[in-house]
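Please set out a careful report on the predicted model shown below, covering its aromatic pairs, its strands and its salt bridges.

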Amino acid sequence: MDALRKSPDPTPNPNREGILCWAPHVVYHQGTYHMYYFSVLSSKWNMEYATSTDLINWKDRTSELTLKVVGNHEGLLYENGNIVETRDPMVIKYGNNWIMYTTAMWLDNGVRRGAVAVYESPDLKNWTFKGYALRNLEGAPIAAYSTCESPFVTYKDGKFILSVTITVSDIAT
């Protein structure tokens, strides 16, 4: 623990005052750690991306990150081809590609509902929306942010196993 207390500030971009960051997920690939995390700056939701070779010194690479929508996906909240309201990233390697799961929102006949979105990438930077692993439908509890929080996925015996935190109000339970 002393090493952690004495280490330099690992924040990828310490010049961004007022930023709130949480839900980091780190994967290791070919000598580099890739960290994805969620931030809020001036009420704007952001998916952030940073890399490191030593887990202490991080380089902000958010400008290189893309979460794109190709085609029309019913209810998906996006602007100019970019996903909006996606957070709590979790990344796994599958075959030659990477799969990212995030907490997301979708519109069901004008009602915002929680979901777990799925993206795919060949290079850990360029992500394409593939669909939903889970969508809350009518009758599901509606929370202010999402009812499916912090997805975690395991791949075992040819099956993906999804775990989520279910929020039934503005307070996680």
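## Aromatic pairs

Tyr-155 is partly exposed, its relative accessible area being 40%, where buried stands for under 20% relative accessible area, exposed for over 50% and partly exposed for what lies in between, with a 1.4 Å probe and protein chains only. Tyr-94 likewise counts as partly exposed, because its relative accessibility is 37%. The structure holds eight aromatic pairs, a pair being two rings of Phe, Tyr or Trp (its six-membered ring) with centres within 6.5 Å, called stacked when the planes are under 30 degrees apart, edge-to-face when over 60 and tilted for the rest. In one of them, the rings of Tyr-28 and Tyr-33 have centres 4.7 Å apart and planes at 50 degrees, so this pair is tilted; Tyr-33 is partly exposed, with a relative accessible area of 22%.

The ring centres of Tyr-94 and Tyr-155 lie 5.2 Å apart with the planes at 65 degrees, and the pair is therefore edge-to-face. This pair links distant parts of the chain, since Tyr-94 belongs to strand E8 and Tyr-155 to strand E12, 61 residues apart. Elsewhere, ring pairs link Tyr-36, Tyr-49 and Trp-127 into a cluster.

## Basis of the model

This is a predicted model, in which local features need pLDDT of at least 70 and side-chain atom pairs count only at pLDDT 80 or more, whereas totals for chains, interfaces and linings use all residues. Residues are numbered from 1 along each chain as its sequence is written, and side-chain values use heavy atoms, with hydrogens and water left out.

## Overall architecture

The protein has one helix and 13 strands, where helices (H or I, at least four residues) and strands (E, at least two) are DSSP runs numbered from the N terminus. Read from the N terminus on, the order of elements is α-β-β-β-β-β-β-β-β-β-β-β-β-β.

Of the 173 residues of the protein, 38% count as buried. The accessible surface comes to about 10000 Å², of which 51% belongs to carbon and sulfur atoms; these areas come from the Shrake-Rupley method with a 1.4 Å probe, and for residues only the protein chains shown count as cover. Among contacts (heavy atoms within 4.5 Å) between residues at least 6 apart in sequence, 43% join residues at least 24 apart.

Strand E9 (residues 97–108) is largely enclosed by the rest of the structure, because ten of its twelve residues are buried. E8 and E9 pair in the antiparallel sense over seven bridges, pairing being assigned where DSSP finds at least two bridges between two strands. Lys-93 has Trp-98 in E9 as its bridge partner, and in the hairpin of E8 and E9, which has two residues between the strands, Gly-95 takes a positive phi near 65 degrees.

E9 and E10 also pair in the antiparallel sense, over eleven bridges, with Ile-99 standing opposite Glu-120 in E10. The hairpin of E9 and E10 has two residues between the strands, and Asn-109 there takes a positive phi near 50 degrees. Arg-112 is found in strand E10 (residues 111–121) and counts as partly exposed at 36% relative accessibility. The C-alpha atoms of Arg-112 and Asn-136, 24 residues apart along the chain, are separated by 9.5 Å.

## Salt bridges

Side chains of opposite charge can pair when their charged atoms come close. A search of the whole structure finds five salt bridges, each defined by a side-chain nitrogen of Lys or Arg within 4 Å of a carboxyl oxygen of Asp or Glu. Arg-87 meets Asp-88 in one of them, at 3.0 Å from N to O, and both Asp-88 and Arg-87 are buried. Arg-87 also forms a salt bridge with Glu-149, the closest N and O atoms being 2.8 Å apart. The latter pair links distant parts of the chain, with Arg-87 in strand E8 (residues 86–94) and Glu-149 in strand E12 (residues 148–156), 62 residues apart. Arg-87 counts as buried because its relative accessibility is 6%, and Glu-149 is buried with a relative accessible area of 13%.

Salt bridges that share partners join Arg-61, Glu-64 and Lys-125 into one network. Within this group, the side chains of Glu-64 and Arg-61 meet at 3.1 Å, N to O. Glu-64 counts as partly exposed at 30% relative accessibility, and Arg-61 counts as partly exposed at 24%.
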